[in-house]
Amino acid sequence: MQLQVLGTAAGGGIPQWNCACPGCAGARARPHLRRRHASLAVRAAEGRWYLVNATPDLGDQVEDCPALHPGPAARQTPLAGVVLTDAELDHTLGIARLREADDLQIVATAPVRGALLDQLRLGAVLAPYTTVRWRDLTPDPQPLDAEAESDLEISAVPLSAKRPRYAVGTGPDADTWVVALRLHDRTNHTTAVYAPALGVWPDALQEAVDEADCVIIDGTFWDEDEPIRTGISQRTATGMGHLPIDGPDGTARRLAPLAARCLYTHLNNTNPLVDPEAPQHKQLAEWNLEVAADKTVIEL
Ligand code: MLT
Ligand code: MN
Ligand code: ZN
């Protein structure tokens, strides 16, 4: 299995266009600290790749990842489709950037598809540009790429009914609004779990990470009070749909005992971990946990 991390920032990115917080200011001054919106490229078969989530940075993310470059024919692309873990804007705004595609395959759960069609009206908006083909993302494993007989299987681990703000009060009350994506390579029996939005820790997720070789997971906030302390929100981390890393209900204490390699992604610009000098990195290393970097390549 081959995964390429295309971005590791939460909504807004680092730097965020309207933000002068230390994390954003630091990234403006030192461009190597910039982080693009959280996304992953997954190799399905020779010359066929899927994006996990389509961010506002999608165009730059493709250009920075040679495996995703088009060719040799003029409009031949290795990008075969997009898998969505949720309907949040930072994970879906990039879909419109793929309108130049001959056709566009989107793999999503039913509530996520409903939000994109009914609230964002993406079906009507994209219809004049390209043909969108929808595929259901379900807890039952299916080949990532049916056409290329991919040995990589995907399945959804249902997480919660947390809707994006634009879809509050709409759609079904289902725990598939936000899912973790489980990727299983049937050739060498490796498994990865990608969960960039994680507000609860259900038993099914524990089972999935227990048997995973690699876990790439929501690291939006370091601790529960970070959004309030830094003045970006009146809500706690968990209240915003993101379990914090540290603390009694934090994800670190769940991840530290695992055999899997564990990396945090979807870092908010307020997270102290965006500063490489922050003391929190020492704590993370003691737990044997990592922060994913943009352009990290993971081979399993
Ligand atoms: C989130 O992760 O909570 C959302 O993406 C926030 C946002 O960008 O609106
Ligand atoms: Mn987000
Ligand atoms: Zn900021």
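Select asparagine 53 first: its relative accessible area is 0%, so it is buried (buried means under 20% relative accessible area, exposed over 50%, partly exposed in between, with a 1.4 Å probe and protein chains only). What you're looking at is a predicted model, in which local features need pLDDT of at least 70, side-chain atom pairs count only at pLDDT 80 or more, and totals for chains, interfaces and linings use all residues. Residues are numbered from 1 along each chain as its sequence is written, chains are lettered from A and ligands numbered from 1 in the order in which they are written, and side-chain values use heavy atoms, with hydrogens and water left out.

Stay on asparagine 53 and colour by secondary structure: this residue sits in the loop between strand S3 (48-52) and helix H2 (58-63). Helices (H or I, at least four residues) and strands (E, at least two) are DSSP runs, numbered from the N terminus. Now show the neighbours. Setting aside residues within four places in sequence, asparagine 53 is in contact with Ala38, Ser39, Val82, Val83, Leu84, Thr85, Asp86, His91, Tyr194 and Pro196 (contact means heavy atoms within 4.5 Å). Zoom in on Thr85, whose backbone nitrogen lies 2.9 Å from a polar atom of the asparagine 53 side chain. That's a polar contact, meaning a pair of N or O atoms within 3.5 Å; within protein, one must be able to donate a hydrogen and the other to accept it, and residues adjacent in sequence count only if both atoms are side-chain atoms.

Check the backbone here too. Most residues other than glycine have a negative phi, and most peptide bonds are trans. Asparagine 53 has a positive phi of about 75 degrees.

Histidine 266 is another one to click, with a positive phi near 55 degrees. Is histidine 266 buried or exposed? With 4% relative accessibility, histidine 266 counts as buried.

Next, select the manganese ion (ligand 2). Asp90 (OD) and His266 (NE2) coordinate this ion at 2.1 to 2.3 Å. Donors here are N, O and S atoms within 2.8 Å of the metal (3.2 Å for Na, K and Ca); water is not among the atoms, so sites may look incomplete. The two residues are 176 apart and link distant parts of the chain: aspartate 90 is in helix H3 (residues 89-92), histidine 266 in the loop between strand S12 (261-265) and helix H9 (280-286). Aspartate 90 is buried as well, at a relative accessible area of 11%.

Which residues surround ligand 1? Gly11, Glu88, Asp90, Lys162, Met240, His242 and His266 do, each with a heavy atom within 4 Å.

- Asp90: an N or O atom of the side chain is 2.8 Å from an oxygen atom of ligand 1.
- His242: a polar side-chain atom is 2.7 Å from an oxygen atom of ligand 1.
- Glu88: a polar side-chain atom lies 3.4 Å from an oxygen atom of ligand 1.

Taken alone, ligand 1 exposes 270 Å², and the protein buries 74% of that (areas come from the Shrake-Rupley method with a 1.4 Å probe; for residues, only the protein chains shown count as cover).

Now jump to the zinc ion (ligand 3). Its protein donors are Cys19 (SG), Cys21 (SG) and Cys24 (SG), lying 2.2 Å away. Along the sequence, these donors follow a C-x1-C-x2-C spacing. Cysteine 19 counts as buried at 16% relative accessibility, and cysteine 21 is buried at 15%.

Move to proline 15, which lies in the loop between S1 and H1. The peptide bond from isoleucine 14 to proline 15 is cis, with omega near 0 degrees. For another cis bond, go to glycine 71 and proline 72, where omega is near -5 degrees. Proline 72 is in the loop between H2 and strand S4 (79-83).

Last stop: threonine 8, in the loop between strand S1 (2-7) and helix H1 (22-29). At 0% relative accessibility, threonine 8 counts as buried. Not counting residues up to four places away in sequence, its contacts include Arg35, His37, Thr265, His266 and Asp294. Finish by drawing a line from threonine 8 to leucine 243: their C-alpha atoms are separated by 16 Å, with the residues 235 apart along the chain.
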